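Subject: Handing over the structure

Hello,

Here is the structure I promised to pass on. My notes on what turned up follow below.

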Amino acid sequence: MTPAELLDALWRDYTALTPQAARIHALFAARGERIVNDHVALRTFGRPGIDRFTLGRRFEALGWVKADDYRFDDKHLWASAWRHPDPELPKVFISELVIDELPPAIAAILDGLVAALPPGFTDRADLPYAGRPWTIAHATYRQLLEVSEYAAWVAAFGFRVNHFTVDVGRLATFAELPAVNAFLLDAGFELNRAGGLVKGTPADHLEQSSTCAEPIAVAFADGTFAVPSCYYEFARRYQLPSGERFEGFVPTSADKLFHSTDVRR
């Protein structure tokens, strides 16, 4: 598999769960835009065989190189970023839930899901888009939701891209990120307002915004229920004093972006 083939497989799986991303992509294309992806993001549980480093190795085999690590204390997450020497290829951002920091009853539920992984699952070449390998009841999903929206999302959707990200600096018909946001709002899309429509500032060298994940029908053991799926993100990067473009992430902004998949209650 080539990097392009992997990204295409991730995009096809992502848009199957995220119709709004395909609609937004088409709106941009209608303006003559050629979309370049800034980064793709995945979520997982911090357990051997499915942790962020295991997922990352699928990308390392195709040239991505491990870069920075990030910690999100309030959400009990670690994350790492990978970059590819080809500047046309997106960065990869993989986060993982630190299960041992959760209440014992919730940790037991998640470890039960991990224990239910089919034989050989962790060795699959398509692990980053393998989907949900376990059965879970919606009642259990609701139980997880009360403690960790992140845990509930991974339990419901499994292994797949959580969001793709448009590199706003590579767009031709939008000068700044607020213009992108205005365009999306005018088109009827709901945007994540946690911390404001734009997370970060030019002083941070990174501005980000995102849609809110739309609910889709998900089959649970006790029925089919609507659950927020994935979102589409937009990033505008700025130059560092050295003249190089900032290629990292800003944890305070990323923390707000995690809320894009929250259940609106």
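A word on terms before the sheet: two strands pair if DSSP finds at least two bridges between them, and helices (H or I, at least four residues) and strands (E, at least two) are DSSP runs numbered from the N terminus. Please bear in mind that this is a predicted model: local features need pLDDT of at least 70, side-chain atom pairs count only at pLDDT 80 or more, and totals for chains, interfaces and linings use all residues. Residues are numbered from 1 along each chain as its sequence is written, and side-chain values use heavy atoms, with hydrogens and water left out.

**The sheet**

Seven strands make up an open sheet with mixed pairing, and their order is β2-β3-β4-β1-β5-β9-β6. At the edges sit β2 (65-72) and β6 (206-210), each of which pairs on one side only. From one strand to the next, the twist averages 20 degrees (axes are lines fitted to C-alpha atoms, for helices over the stretch in contact, and angles run from 0 to 180 degrees between N-to-C directions).

β2 runs antiparallel to β3 (residues 77-83), and six bridges join them. One to look up is Lys66, whose bridge partner in β3 is Trp82. The loop between β2 and β3 holds His76, a residue other than glycine with a positive phi, near 60 degrees. His76 is partly exposed, at 26% relative accessible area (buried means under 20%, exposed over 50%, partly exposed in between, with a 1.4 Å probe and protein chains only). His205, in the loop between α7 (177-186) and β6, also has a positive phi, near 70 degrees.

Grid points are joined across faces, edges and corners, and a volume is the space filled by probe spheres set on the points.

The largest pocket has a volume of about 220 Å³. It is lined by 15 residues, and Lys75, Ser148, Glu149, Tyr150 and His259 are the closest to its centre.

Glu149 belongs to helix α6 (residues 149-157) and counts as buried, at 19% relative accessibility. Its side chain reaches the backbone nitrogen of Val263 at 3.1 Å. How much of α6 is buried? Nine of its nine residues are, so the helix is largely enclosed by the rest of the structure. Just after α6, Gly158 takes a positive phi of about 75 degrees.

**The cavities**

There are two cavities of 30 Å³ or more. The largest has a volume of about 120 Å³, and among its 15 lining residues Phe93, His163, Tyr231, Ala254 and Phe258 lie nearest its centre. β1 gives the most to this lining, with four residues.

The second largest cavity holds about 40 Å³ of space. Its lining includes Glu149, Trp153 and Phe157, and α6 supplies the largest share, three residues. α5 (138-145) and β8 (223-228) each supply at least two residues as well.

Best wishes

How values were computed:
On a 1 Å grid over the protein atoms alone, a cavity is a set of points where a 1.4 Å probe fits but cannot get out, and a pocket is an open set with protein on both sides within 12 Å along at least five of seven lines; lining residues have an atom within 4 Å of a point. A polar contact is a pair of N or O atoms within 3.5 Å; within protein, one must be able to donate a hydrogen and the other to accept it, and residues adjacent in sequence count only if both atoms are side-chain atoms.
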